[in-house]
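I opened the notebook today to look at one strand and then at the ligand.

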Amino acid sequence: MFLGEIMAYKYDILEISDRAKIDKENGNIVIDGCLGTFRNDAHTLISFPSVTEYLTRCSNENLDYTRILGPKTFASALGHWIFNKDYLEITKNKNIFTAATIGGTGAIYDIFKYFSDNDGAALVSDICWPNYFTIGKNTGLEIFSYSLFEEKRFNLSGLELALNEALKTHDHVLIVINDPCQNPTGYSLTNEEYTSIFSILDRYNNNAKSVDIIFDTAYIEFYAKKPLLYEFLKPNYKFNVYLAFSASKTFGIYGLRLGALLGFMKSKEEKIFVENSISDIARGSISSPNAQAIGTLTALFNSDRAVEKMRLNLVDEKTYLAERASKSIKIMKSNSIEFLPFDSGFFITIISPKNAYALCDQLEKMHIYLVPISDQLIRIAICSLSVGEIELIAKAIKNFGF
Ligand code: PLP
């Protein structure tokens, strides 16, 4: 094992969090700002009454195997949940397939594997959910990256340059966009940025090359406004648009492992080909998705009452998180701690006043656990911390960092 890999494991989110857990078990007062799970100020996982109700109701059901890509009833119910009032406008006259997966991670895995099997490549911003690189490594997919920001805005020219680079050696490229509430910055694309990305897709798709896109929407329900993506899903395109859905954050069921890959395909033939390929990948990896999680959410989706309650609860929780975020931003500013452009979501990324790994090591000695994501950047999971803890983190960084 190389030194870099040892470093990578030491600073892997789950590893750091495990150290925090052990520290706590040893009787210390620990601040764990690693994990992307949404918690209240007392650190209890945020749960939703509709989900709890259906988990209880369905606990003894759906114990059989299910279809490789999940039942068609799930696909339809999920589509209605995601697109809500826009469902018909988004889905009519489209070639759509839905694959139930093991978390949003499974959706990313399946599409990366498909691109890898077809000599494709993926484009990922340098600051991102690090698991994209791990999944790329595990599926043998070549990943090209570009800096996420240029002058505090999404770096469109960097994306285009990286795309050109990837197209020199690959005929199929997948652009990966995590929006809104990007992990780890909390940045959300503007309407103009969406328009520009779709215009790039339009320009680069020709007879020789194909460029597709996947939107990883893991945090979409925590975006303050109506997601811009849904407007952009309405037209038909000459390229494929994929959506990675995660049930983890939205429904507070991280451990149940449910997600989905939705494909808005450019033709019927393409739909059949990719759907069959994804089926094959799923059969050879997970074999069959989590029938119990699928059954539970399908039952919830089919109850208008439960759905309405769920949507109302989500508004409350989103507001709660937004209030915590705005207080966190104020705290960072008042301690002169710089951070990357933030809109909403589970995390903020601060610009470390000194080497981020060294600073995080020092903070760990004070029982504060954060995730260094590069030499200069540290991710703080505001989703699982109280405002008081965020204040303590800022003070500690100020004391050690400057
Ligand atoms: N995408 C992003 C950006 C994430 O941050 C995560 C989880 O942290 C996921 C996808 C996958 O989540 P899950 O596999 O739990 O659905």
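These entries go from the strand and its partners to the ligand contacts.

**Entry 1: the model.** I am working from a predicted model, so every value below is computed.

**Entry 2: strand S8.** I started with residues 210–216, which make up strand S8. Buried or exposed, I wondered, are the residues of S8? I found 7 of its 7 residues buried. Next I checked which way they point. Ser210, Asp212, Ile214 and Asp216 go one way, while Val211, Ile213 and Phe215 go the other.

**Entry 3: the partners of S8.** Which strands pair with S8? I found strand S7, residues 172–178, running parallel to S8 with 7 bridges between them. In that pairing, His172 sits opposite Ser210 of S8. I then followed the chain from S7 to S8: it passes through helix H9, residues 191–204, and this β-α-β crossover is right-handed. Strand S9, residues 241–246, also pairs with S8 in the parallel sense, over 4 bridges. Here I saw Ile213 opposite Val241 of S9.

**Entry 4: the ligand.** How many residues surround the ligand? I counted 14, and the closest are Gly104, Thr105, Asp216, Tyr219 and Ser246. Asp216, a buried residue of S8, has a polar side-chain atom 2.6 Å from a ligand nitrogen atom. For Tyr219, I read 2.6 Å from a polar side-chain atom to a ligand oxygen atom. Asn183 also places a polar side-chain atom 2.7 Å from an oxygen atom of the ligand.

How values were computed
Residues numbered from 1 in each chain as written. Predicted model: local features only at pLDDT ≥ 70, side-chain atom pairs only at ≥ 80, totals over all residues. Heavy atoms only, no water. Buried < 20%, exposed > 50% of the residue type's maximum accessible area, 1.4 Å probe, protein only. Helix = DSSP H or I, 4+ residues; strand = E, 2+ residues; numbered from the N terminus. Pairing = 2+ DSSP bridges. Right-handed = clockwise from strand over helix to strand, strands pointing away. Near = heavy atom within 4 Å. Polar contact = N/O pair within 3.5 Å; in protein donor to acceptor, adjacent residues only side chain to side chain.
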